[in-house]
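The stops below concern aromatic rings and the charged groups placed over them.

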Amino acid sequence: MPETITCSGLITLAGRPNVGKSTLLNRLIGQKISVTSSRAQTTRHRLLGIKTTGQAQIIYVDTPGLHAHNKGLFNRHLNRVAGSSLFGVDCIVLLITSKGWTEADEYPLRLVSKTGIPVILAINKIDQLKDRRLLLPLIAQSNRKMAFKEIVPVSARTGENTHDLENIILKYLPEQPPLYPVDRISDRGERFLAAELVREQIFRGFQQEVPYATAVSIDRFERIRQTLHIQATIWVERDGQKPILIGKDGKRLKTVGSRARQAMEKLFDNKVHLRLWVKVREGWSDNERALRSLGYLDET
Ligand SMILES: Nc1nc2c(ncn2[C@@H]2O[C@H](COP(=O)(O)OP(=O)(O)O)[C@@H](O)[C@H]2O)c(=O)[nH]1
Ligand SMILES: [Mg+2]
């Protein structure tokens, strides 16, 4: 008999770009649902990751990183999405890294401290710390920054201490029935997740402006017998970006496709047949209508 769920609530993962919010989300959920890369602003959407465990359902909100100096329509949109995820939640987990507080951490700190919502500080990437004793002064310094409910050193990459973090988070969930069905792991559908896995490979595989100039749409998502047939279009801003993405003899696009396919097979637990197209859509990132039609502007 499944246990009855008595607690459920929303927990936002906040912090500057690149601190490891999406990696931590995936770790806490135990599934790769949010895309990650070493580049800032890989995460473009608000995404819920849902973890139902024992008597509780924790709904994590992953957000684009909070940036003090966001320019351009698209970047302002990212800040709006991230900022709006700080209200109405039951608890906020603010991330910094074990390297210590940086200038870029101050803006998210200021935002979360103004909400009046309980804030837990997670010091991430402790696997990169050569001397664990360095954590003590960092914790002391953090305590002077704000009245954090708790401070937890973690490694999203290795999973160290993330279970402890989950146990602390459980204390902040209000008593209420689950907000989502117990078998859901995300608020997003399979099509969205598939598009994100393609985008992730573009962020990981290409330099400079190309990842920021791309969007992915799913044209076909169909299960036929044992195989998922997925067809996706990668939209780029300019003609010149198309050959870069495709590469010599289509090699680079093939690599993107095969890595994305492997990730999809893991996530959907299914054999996947993936076809990718590259098309040009000029100036999409500064065109509000294009953003809206690709689903970027209806999230706040
Ligand atoms: N060594 C190490 N790297 C991490 C850890 N967590 C995240 N990263 C890396 O940091 C980069 C940014 O992670 P991501 O989750 O995309 O950050 P986000 O922008 O805050 O969502 C990626 O290259 C991750 O692999 C960690 O605990 N340890
Ligand atoms: Mg992210």
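Across the whole structure, a search finds 3 aromatic pairs. The model is a predicted one.

Select tryptophan 101 and phenylalanine 148. Their rings form a stacked pair, 6.4 Å centre to centre with 25° between the planes; the cut-off for stacked is under 30 degrees. Tryptophan 101 is in the loop between β4 (91-97) and α3 (103-113), and phenylalanine 148 is in the loop between α4 (135-145) and β6 (150-153), so the contact ties together parts 47 residues apart in sequence. Both tryptophan 101 and phenylalanine 148 are buried.

The charged end of lysine 145 sits over the tryptophan 101 ring, 5.0 Å from its centre.

Next, select phenylalanine 221 and phenylalanine 268. This aromatic pair is edge-to-face, with 5.7 Å centre to centre and 85° between the planes. Phenylalanine 221 belongs to strand β7 (residues 215-224) and phenylalanine 268 to helix α8 (residues 251-268), so this pair ties together parts that are 47 residues apart in sequence.

For the last stop, select tryptophan 235 and arginine 281. Here the charged end of arginine 281 sits over the ring of tryptophan 235, at 5.2 Å from the ring centre.

Conventions:
Residues are numbered from 1 along each chain as its sequence is written. Chains are lettered from A and ligands numbered from 1 in the order in which they are written. This is a predicted model: local features need pLDDT of at least 70, side-chain atom pairs count only at pLDDT 80 or more; totals for chains, interfaces and linings use all residues. Side-chain values use heavy atoms; hydrogens and water are left out. Rings of Phe, Tyr and Trp (its six-membered ring) pair if their centres lie within 6.5 Å; planes under 30 degrees apart count as stacked, over 60 as edge-to-face and the rest as tilted. Helices (H or I, at least four residues) and strands (E, at least two) are DSSP runs, numbered from the N terminus. Buried means under 20% relative accessible area, exposed over 50%, partly exposed in between (1.4 Å probe, protein chains only). A charge sits over a ring if NZ of Lys or CZ of Arg is within 6 Å of the ring centre and within 35 degrees of the ring normal.
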